[in-house]
Amino acid sequence: MTENVTRRRFLLYSWAALGTSLLLKACNSNTQTTKTDKNFPVAIVLPGIITDKAWNQSGYQGVQTAKEKLGIETAYVEKVQPADQAEAMSDFARRGYKVVFAHGGQFDAAIQQVAAQFPNTFFVGVNGNVKGNNIASLRIDHLQASYVCGIIAAAMTKSGQLAYLAAQSFQATDEELRGFELGAKSVKPNIKIASSYTGDWNDAAKAKEATLALISSGVDVVYQWLDNASPAVLQTAAEKGVFAFGNTADQLDVAPKAVLTSAVKRIDLAIAYLADLAVKGNLKGEIYTIGLENPEILHLGKFGAMVSQEVQQKAMQTKQAILAKKIMFEPCKENGKDTRCAKQT
């Protein structure tokens, strides 16, 4: 049986049961629940749409994979705005969901707000940086993949100006920017890396505007991490004759004239893995970090035709050096701030 209700009705049902008067704050996202025989319901709260061919779609596919492999009940709610994060997670917890994934580091504060109220639900922040008795975080080692991409970017730039473009600055995006910077500067120490944030993962107009602004400043390689807005960046780069990187999915086909390669993050498989741990009673309140040592989850996508064999070889050698721990990322201070630095052994 499949139940489809709007996000407005979804919140109305739960709040009415509590006798609240907050109905007018409901949003317009959609919720879908797929029921199966086993009584271990798992849900995911998504900031964007499940058809973005990037971050949100991978999260949705993660719980779908868990449902198929584990026979569990699953649900999702999409397009959850920051003001509704805590209530969306609380609603699932009140309904008895055992695990609630919050799909993005921007959910960390809301997770900490609600977790203590629902000790029988485990909250997992995807790309998060929080942990506790019933809180875990699932993180891709973004710094590893972006370091390799930084080396590629440094080899491909003509202007010596690169950019990192995302929607928000938080733990995961900061790490990805840092890795990109470290990789590029390992090739060209004086290379310049700008960072820009649109404030919206899915707004294509904002993404295009930000991309054009970066290009007009002299940037000729853009490493982007956006969701439904990512094609706007890649296609704008192609139109303007500059290069870019895909992210989360292999996005070469989106703009083959621009995409050098993609940082492919099979977060769907990682989510299914943590769901399996939960079903078996083995999920712990810790931060789970998955890197290049798990190539089925984190790897580079197809290379664009413009990337020479020499540059591809250098990228693969760098990847192997990271796996062999000949390149390690260790805590350090730079300009008085805590960060991570690359150490070669």
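Three bridges join β10 to strand β11 (residues 243–248), and the two run parallel. This is a predicted model, where local features need pLDDT of at least 70, side-chain atom pairs count only at pLDDT 80 or more, and totals for chains, interfaces and linings use all residues. Residues are numbered from 1 along each chain as its sequence is written, and side-chain values use heavy atoms, with hydrogens and water left out.

- Strands here are DSSP runs of E with at least two residues, helices are runs of H or I with at least four, and both are numbered from the N terminus.
- Two strands pair if DSSP finds at least two bridges between them.
- V221 stands opposite F243 in β11.
- From β10 the chain passes through helix α8 (residues 230–240) to β11 in a right-handed β-α-β crossover (with the strands pointing away from the viewer, the path from the first strand over the helix to the second runs clockwise).
- Strand β8 (residues 161–166) is joined to β10 by five bridges, also in parallel, and L162 has V221 as its bridge partner.
- Five of the five residues of β10 (residues 221–225) are buried (under 20% relative accessible area, with a 1.4 Å probe and protein chains only).

**Pocket linings**

- The residues lining the largest pocket divide into four nonpolar, four polar and eight charged.
- In the second largest pocket, the lining divides into five nonpolar, eight polar and two charged.
- Asp, Glu, Lys and Arg count as charged, Ala, Val, Leu, Ile, Met, Phe, Trp, Tyr, Cys and Pro as nonpolar, and the others, Gly among them, as polar.
- Helix α6 (171–187) gives the most to the lining of the largest pocket, with six residues.

Notes: Buried < 20%, exposed > 50% of the residue type's maximum accessible area, 1.4 Å probe, protein only.
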